[in-house]
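Please examine the complex shown below.

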Amino acid sequence: MAKKDNGISFNLVSRQKLNSLSSNEKLKFILKEVKKGKILVLENGLTPMEQTSLIEDTMREIEQDTFIGVEMEGYGEDSPTFLQKLFGVGKKPRMTLIGPANLLHTVRKDSNMIQTKIIPGRGAK
Amino acid sequence: MGLFGRGSFSSIIQKIFGKKHAKIGIYGPPNVGKTTLANRILRDWTGDIMGSVSEVPHETRRAKWKKDVKVNNGNSSLFMDIVDTPGISTKVDFKEFMNTYGLSRDEAKRRAKEATEGVIESIKWLEDIDGVLLVMDSTQDPFTQVNVTILGNLEARNLPVLVAANKIDMEDSSPATLKSAFPQHPVVPISALTGYNSDNLYSTMVKHFSKKRKKRRR
């Protein structure tokens, strides 16, 4: 029998993967992974509208004894330069960290750094 | 119907002179003083109150609404429908209500269930408001994800936001930190509890929420 791995799964999700999904698919993918106990680093992050939808979906998924919600940290969107605006480039979401709230805890966040702590003993099953 | 339907006439007036009536949502994370501020506004302008307050988070779990609150600023005034919304958070843990605030298991679970429904209701209200009074606790780190998410969402909708930097009666408050964190929005330091600087808040509300804007829906 294979030995059970109790480590914490930390997944970096590429921009390409995220761009290939619709907003709904992206949110479903994130919640499914986070509910399994995984911590995700999204290279591309989520737009504010997607973040709001993620909060809403998370509230619907909360199961009091097993899933209490998500810890999510990221920065506001990068504003396009004047030239980018001319070519129709909009605001771009930046890197975002998302994990289960019982596992991932934000210690401090300022405009330059997000400091988080992983609560030991609650890794992905 | 005459040359101008009622809606089109009022929208022409609004385009020329700005708003005279606006639905304003009071938003923010739990326990920043949203209902205390709603009570302060209503007490000052209607003599009424909005709801009960508590140190236990998620005391407001259903949105409450007071219509036609007239707020004056010198010669100008604005009628507002004030919506006090439940606190928005990314997690709700019933054990926190038990371990930190001494609620029984049943009470804590019921509160947590209602709190999750409250968050959803708050988010739904975003579709139906004209402006937001975003309440932040000036003793806390302003860059919380909830603050960043709400602000980003409102900016995407092009809704006017006024940040109320609450709890400035507390010794460790730092409204200047909030001002530097969100320079793109007006930030008014206030104590909803004592009423300190509320006159400044009201005049800023009338000026800011009366402005004509093209609302974007997504």
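This is a predicted model, in which local features need pLDDT of at least 70 and side-chain atom pairs count only at pLDDT 80 or more, while totals for chains, interfaces and linings use all residues. Residues are numbered from 1 along each chain as its sequence is written, and chains are lettered from A and ligands numbered from 1 in the order in which they are written.

Q: What makes Val135(B) a buried residue?
A: A residue is buried if 20 or more other C-beta atoms, placed from the backbone, lie within 10 Å of its own, exposed if 12 or fewer, and partly exposed in between. Val135(B) has 27 C-beta neighbours inside 10 Å and therefore counts as buried. By the criterion of burial, 41% of the 218 residues in chain B are buried, and 27% of the 125 residues in chain A.

Q: Where does Val135(B) lie, and which residues does Val135(B) touch beyond four places in sequence?
A: Val135(B) belongs to strand 4 (residues 131-137) of chain B; helices (H or I, at least four residues) and strands (E, at least two) are DSSP runs, numbered from the N terminus. Contact requires C-beta atoms, placed from the backbone, within 7 Å. Not counting residues up to four places away, Val135(B) touches Ile26(B), Gly28(B), Val32(B), Gly33(B), Lys34(B), Leu37(B), Ala164(B) and Asn166(B). Lys34(B) is 101 residues from Val135(B) along the chain, yet their C-alpha atoms are separated by 6.2 Å.

Q: Why is helix 2 of chain A called oblique to helix 3 of chain A?
A: Axes are lines fitted to C-alpha atoms, for helices over the stretch in contact, and angles run from 0 to 180 degrees between N-to-C directions. Angles under 35 degrees count as roughly parallel, over 145 as roughly antiparallel, 65 to 115 as roughly perpendicular and the rest as oblique. Helix 2 (residues 23-35) and helix 3 (residues 48-61) of chain A pack at about 45 degrees, with axes 10 Å apart. The pair is therefore oblique. Their crossing is right-handed; that term applies if the near helix is turned clockwise from the far one by less than a right angle, and left-handed if anticlockwise.

Q: What makes helix 3 of chain A oblique to helix 5 of chain B?
A: These helices pack at an angle of about 125 degrees, with their axes 8 Å apart. Helix 3 of chain A is therefore oblique to helix 5 of chain B. The crossing of this pair is left-handed. Pro48(A), Met49(A), Gln51(A), Thr52(A) and Ile55(A) meet Thr149(B), Gly152(B), Asn153(B) and Ala156(B).

Q: How many residues does each chain bring to the contact between chains?
A: Chain B gives 21 residues and chain A 22. Helix 4 (105-125) and helix 5 (145-157) of chain B each supply at least two residues of the side touching chain A. That side of chain B divides into 10 nonpolar, 6 polar and 5 charged residues.

Q: Where in chain B does pLDDT stay under 50?
A: pLDDT is the predictor's confidence in each residue, from 0 to 100. Residues 1-7 of chain B stay under 50 and have 1 contact beyond four places in sequence. Where pLDDT is low, the predicted coordinates should not be read in detail. Chain B averages 88, and 88% of its residues score at least 70.

How values were computed
Contact = placed C-beta atoms within 7 Å. Nonpolar A, V, L, I, M, F, W, Y, C, P; charged D, E, K, R; others polar.
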